[in-house]
Amino acid sequence: MKRFMVGAAALVAAGWTASAEAADLNYGQRAPYTVNQPLNAYSWAGPYLGGNLGYEWGSVSSTSVKPSGFVGGVQAGYNFQNGPWVFGVEGDIQAAGADDTFAPWKFSNPWFGTLRGRAGYAFSNVLFYGTAGLAFGELRAQTFGWTESHTTAGWTAGVGAEVGLAPNWSAKLEYLYIDLSTSQFAITGVSNGYSASIVRAGVNYHF
């Protein structure tokens, strides 16, 4: 029991030491973007660029079609930090394989993008955030060899969590809901719009 307690204490001490050393290294490498925070805190401030993969499932209004499929894309953004509070902007563009067929119509969402604000609270290298803003994308309909596409805009909102793995690398898990406005489709004779949920995982490189 004594050896277990000594070992546990040593493990905790080693963890704190490694965390402090990593934080000090991080601060030294990324000092230009760090503002108003302790020297031993993880810095989320500055620009970043990354990629993501996920899954999308949605529905087309005025129909029973429910497109779903994998998505993947790139994102870029900039964070501002004030103590544990992190604010920023992020944009992304996604290629999507979401489609579905009902009766004679096939609907798909080949691509979409977003431009959002982000606000969150950081527990050192762990960031929890909410996000909302503009969404845009394409809704495509097909029947009997006839294809019709409309690109529309709408809104998006979601939540996420991001973990700093190293001074310049982080990984995130995010949920987004997008709602694209309706358009009049000649192919269906009615107005159709698209809404979907997206869950995706990604990595970012912080400059």
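## Strands S6 and S7

Strand S6 (residues 146-166) and strand S7 (residues 169-185) run antiparallel and are joined by 12 bridges. In this report a strand is a DSSP run of E with at least two residues, numbered from the N terminus, and two strands pair if DSSP finds at least two bridges between them.

The structure is a predicted model, in which local features need pLDDT of at least 70 and side-chain atom pairs count only at pLDDT 80 or more, while totals for chains, interfaces and linings use all residues. Residues are numbered from 1 along each chain as its sequence is written, and side-chain values use heavy atoms, with hydrogens and water left out.

## The barrel

The strands S1-S2-S3-S4-S5-S6-S7-S8 form a closed barrel of 8 strands with antiparallel pairing. On average, neighbouring strands of this sheet are turned by 20 degrees against each other, direction ignored; the strand axes are lines fitted to C-alpha atoms, and angles between N-to-C directions run from 0 to 180 degrees.

S1 pairs with strand S2 (residues 68-82) in the antiparallel sense over 12 bridges, and Trp-57 has Ser-68 in S2 as its bridge partner. S2 is in turn joined to strand S3 (residues 85-102) by 13 bridges, again in an antiparallel arrangement. Here Gln-75 is the bridge partner of Asp-92 in S3. S2 and S3 form a hairpin with 2 residues between them, and Gly-83 in the turn has a positive phi of about 65 degrees.

Most residues other than glycine have a negative phi. Ala-103 lies in the loop between S3 and strand S4 (105-123) and is exposed, with a relative accessible area of 57%. Buried means under 20% relative accessible area, exposed means over 50%, and partly exposed lies in between (1.4 Å probe, protein chains only).

Ser-124, also a residue other than glycine, has a positive phi near 60 degrees. Ser-124 is found in the loop between S4 and strand S5 (126-143) and counts as partly exposed at 41% relative accessibility.

## Salt bridges

Side chains of opposite charge can pair when their charged atoms come close. A salt bridge is a side-chain nitrogen of Lys or Arg within 4 Å of a carboxyl oxygen of Asp or Glu, and the whole structure holds 10 of them. In one, the side chains of Glu-90 and Arg-116 meet at 2.5 Å, N to O. Glu-90 lies in strand S3 and Arg-116 in strand S4, so this pair ties together parts that are 26 residues apart in sequence. Glu-90 is buried at 1% relative accessible area, and Arg-116 counts as buried at 2%.

Arg-200 takes part in a salt bridge with Asp-92 (3.3 Å, N to O). That pair links distant parts of the chain, with Asp-92 in strand S3 and Arg-200 in strand S8 (residues 190-206), 108 residues apart. Arg-200 also meets Glu-174 in a salt bridge (2.8 Å, N to O). In this case the link is between strand S7, which holds Glu-174, and strand S8, which holds Arg-200, 26 residues apart. Glu-174 is buried, with a relative accessible area of 2%, and Arg-200 is buried at 1%. A network of salt bridges links Glu-90, Asp-92, Arg-116, Arg-118, Glu-162, Lys-172, Glu-174 and Arg-200.

## The nonpolar patch

Tyr-55, Trp-57, Phe-70, Val-159, Leu-173, Tyr-175 and Val-199 make a nonpolar surface patch of about 690 Å². Strand S1 (46-60) and S7 are the elements that give two or more residues to the nonpolar patch. Patches are made of residues with over 30% relative accessible area and no salt bridge; like charges are joined within 9 Å, and nonpolar side chains (Val, Leu, Ile, Met, Phe, Trp, Tyr) within 5 Å. Accessible areas come from the Shrake-Rupley method with a 1.4 Å probe, and for residues only the protein chains shown count as cover. Tyr-175 belongs to strand S7 and is partly exposed, with a relative accessible area of 31%.

## The surroundings of Trp-155

Trp-155 is found in strand S6 and counts as partly exposed at 44% relative accessibility. Which residues are in contact with Trp-155, leaving aside its neighbours within four places in sequence? They are Gly-133, Ala-135, Tyr-177, Ile-178 and Asp-179, where contact means heavy atoms within 4.5 Å. The C-alpha atoms of Trp-155 and Leu-180 are separated by 6.7 Å, although the two residues are 25 residues apart along the chain.

Note on methods: Helices (H or I, at least four residues) and strands (E, at least two) are DSSP runs, numbered from the N terminus.
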